[in-house]
Amino acid sequence: MSVDTAASTESGVAFGRGVQMGLLSLFVTALVTAQVTASKLLAIDIPVSIPLAGETLLLPGAALAYAVTFFASDCYAELYGRRSAQLMVNVAFFMNFVFLVLAFLTIRAPISDFSTVGQTEFASVIGASLPIVVGSLAAYLVSQNWDVIVFHRLKAYTDGDALWLRNIGSTASSQLIDTVIFISLAFGIVPLLVGGDPRTLSAIAGLIVGQYILKLLIALGDTPFVYAVVGIVRSRSPGESLDTAR
């Protein structure tokens with residue numbers, strides 16, 4: 001192997017590892033952002049009326065950030081294999097608990113008289129409620145693992161072709177699972193069990209429809225970006241086997 005070829009190969013490997021770290025960082029950043037923003041309810045007006053949702057889509061703020069995690073995980077699964085992707089998903093699940101512990105300790109710590117943010121305001125934003133925590137963790141664990149499994153089942157079924165099919169198919173199905181679990185637990189079942197104020201069935205159905213429509217649109221829209229990321233990495237690492245653990 002010539003010096004130029006060796007240098008090119010080393011550069012390609014370094015680039016691939018940089019993208020791998022970037023996708024990991026994007027996944028974890030979006031996941032933590034989803035935890036922080038889950039309690040805010042968004043209202044997005046649309047030009048048509050949709051059954052159950054009407055002309056305004058209501059969805060938790062976490063839907064925007066959480067949709068990004070599926071883009072990152074699909075890119076990661078395509079480039080680095082099923083076992084690597086599932087390891088990322090499951091390690092990130094436990095990192096959720098690290099965030100929750102750190103957030104709890106920060107909320108409980110004494111506040112300075114010079115703080116520009118009051119204790120109550122800080123706790124209400126950073127401290128997620130029990131229904132939100134239970135709903136998000138359960139939805140995450142099931143949907144993200146489902147996403148990786150379906151992605152690679154479709155990859156095997158198509159002999160590695162039709163990246164668009166496994167990207168959209170895995171994300172669309174896993175987002176539906178995530179939405180139903182999260183909304184049902186966070187806004188219905190858990191509040192009912194702990195004596196809170198659960199939303200009505202019609203309101204829960206509207207939240208499910210609104211959140212899923214947005215997530216589905218994002219899944220369709222991110223497909224060209226998945227192709228771009230995968231294409232760039234593979235073009236910079238010719239002959240390099242990135243998917244080492246199917």
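**Close-ups of a predicted helical model**

**View 1. Helix H7 and its kink.** H7 takes a bend of about 35° at Asp222, with a proline, Pro224, following within four residues.

View 2. Across the protein chain the pLDDT averages 84, and 91% of the residues score at least 70. Helix H6 (residues 163-193) has the highest mean pLDDT among the elements, at 90. At the other end sits helix H1 (residues 3-37), whose mean of 77 is the lowest.

**View 3. Glu78 and its salt-bridge network.** Searching the whole structure turns up 4 salt bridges. Glu78, Lys155, Arg166 and Arg234 are linked in a network of such bridges. Glu78 itself has a relative accessibility of 2%, so it counts as buried, the cut-off being under 20%.

**View 4. Glu78 with Lys155.** In this pair the closest N and O atoms are 3.7 Å apart. Glu78 belongs to helix H2 (residues 62-80) and Lys155 to helix H5 (residues 130-157), so the bridge ties together parts that are 77 residues apart in sequence. Both Glu78 and Lys155 are buried.

**View 5. Glu78 with Arg166.** Here the closest N and O atoms of the salt bridge are 2.8 Å apart.

**View 6. Glu78 with Arg234.** The salt bridge between Arg234 and Glu78 has its closest N and O atoms 3.1 Å apart. Since Arg234 lies in helix H7 and Glu78 in helix H2, the pair ties together parts that are 156 residues apart in sequence. With 39% relative accessibility, Arg234 counts as partly exposed.

View 7. About 960 Å² of nonpolar surface is made by Leu87, Val91, Phe94, Met95, Phe97, Val98, Val101, Leu102, Phe104 and Leu105. Val101, one of these residues, lies in helix H3 (residues 82-108). Val101 is partly exposed, with a relative accessibility of 47%.

Note on methods. Residues numbered from 1 in each chain as written. Predicted model: local features only at pLDDT ≥ 70, side-chain atom pairs only at ≥ 80, totals over all residues. Heavy atoms only, no water. pLDDT = per-residue confidence, 0-100. Helix = DSSP H or I, 4+ residues; strand = E, 2+ residues; numbered from the N terminus. Patch = residues over 30% accessible without salt bridge, like charges linked within 9 Å, V, L, I, M, F, W, Y side chains within 5 Å. Areas by Shrake-Rupley, 256 points an atom, 1.4 Å probe, with all protein chains shown as cover. Salt bridge = Lys/Arg side-chain N within 4 Å of Asp/Glu carboxyl O. Buried < 20%, exposed > 50% of the residue type's maximum accessible area, 1.4 Å probe, protein only. Bend = angle between axes of the 7 residues up to and from the residue.
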